[in-house]
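Morning, everyone. Please have a look at the sequence and the model on the screen.

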Amino acid sequence: MVQSKGSVEAHMRDIQKHSFEFHDIVAGVRSLFLKTCPDLSEAVKYGGIVFLKDRELTGGIFVYKEHVSVEFSHGASFHDPDAILEGKGKYRRHIKLRGLEEVSEKRVTDMIAQACP
């Protein structure tokens, strides 16, 4: 079940309240997803914010105790010559972010662009 935009905003308020050190990272990456791929919809699912294109899961942002994980449903097929993406699953890959500066250092925008060509 895809949740409403209001639920995403409520989730963002919860992050700001309970994981304030990661709120700016989540807000920045969320903005990148929506700016880079304007035809995405978003929902709160699996404990994070997920992005869907034509009802298919494209990626998501999840807050953990030590980091923010930006996950890509088909990240295994991405061009990643610097091996930024982590994970060994058949399809999924992720990037762990611990600070806002890592959003650019780890080329998150490039990975998002590959998630929704």
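I'll go through the sheet, then the helix across it, then the core and the aromatic rings.

First, some ground rules. This is a predicted model, where local features need pLDDT of at least 70 and side-chain atom pairs count only at pLDDT 80 or more, while totals for chains, interfaces and linings use all residues. Residues are numbered from 1 along each chain as its sequence is written, and side-chain values use heavy atoms, with hydrogens and water left out.

Now the sheet. In what order do the 5 strands run? The order is β1-β2-β3-β4-β5, in an open sheet with antiparallel pairing. Strands here are DSSP runs of E, at least two residues; helices are runs of H or I, at least four residues; both are numbered from the N terminus. Strands pair if DSSP finds at least two bridges between them. β1 and β5 stand at the edges with a single partner strand each, so one side of each has no neighbour in the sheet. From one strand to the next, the twist averages 20 degrees.

Let's zoom in on β2, residues 48-53. Is this strand mostly covered or open? Mostly covered: 5 of its 6 residues are buried, meaning under 20% relative accessible area with a 1.4 Å probe, protein chains only. β2 pairs with β1, residues 41-45, over 5 bridges. Here E42 has F51 as bridge partner, and V44 has I49. On to β3, residues 56-63: this strand also pairs with β2 over 5 bridges. I49 has I61 as its bridge partner there. The β2-β3 hairpin has 2 residues between the strands, and D54 in the turn has a positive phi of about 50 degrees.

Next, the helix. α2 lies across β1, β2, β3, β4 and β5, and runs at about 165 degrees to β3. That angle is between N-to-C directions, on a scale from 0 to 180 degrees, with axes fitted to C-alpha atoms, for helices over the stretch in contact. Contact means heavy atoms within 4.5 Å.

Now the core: buried Ala, Val, Leu, Ile, Met, Phe, Trp, Tyr and Cys residues joined through side-chain atoms within 4.5 Å. The largest one has 29 residues, and V29, F33, F72, I95, L97, V108 and I112 touch the most other members. Its largest share, 6 residues, comes from α2. Leaving aside neighbours within four places in sequence, V29 contacts I61, V70, L97, V103, V108 and I112.

Last, the rings. F33, F51, F72 and F78 form one aromatic cluster. Rings of Phe, Tyr and Trp (its six-membered ring) pair if their centres lie within 6.5 Å; planes under 30 degrees apart count as stacked, over 60 as edge-to-face and the rest as tilted. The structure holds 3 such pairs.

How values were computed
Buried < 20%, exposed > 50% of the residue type's maximum accessible area, 1.4 Å probe, protein only.
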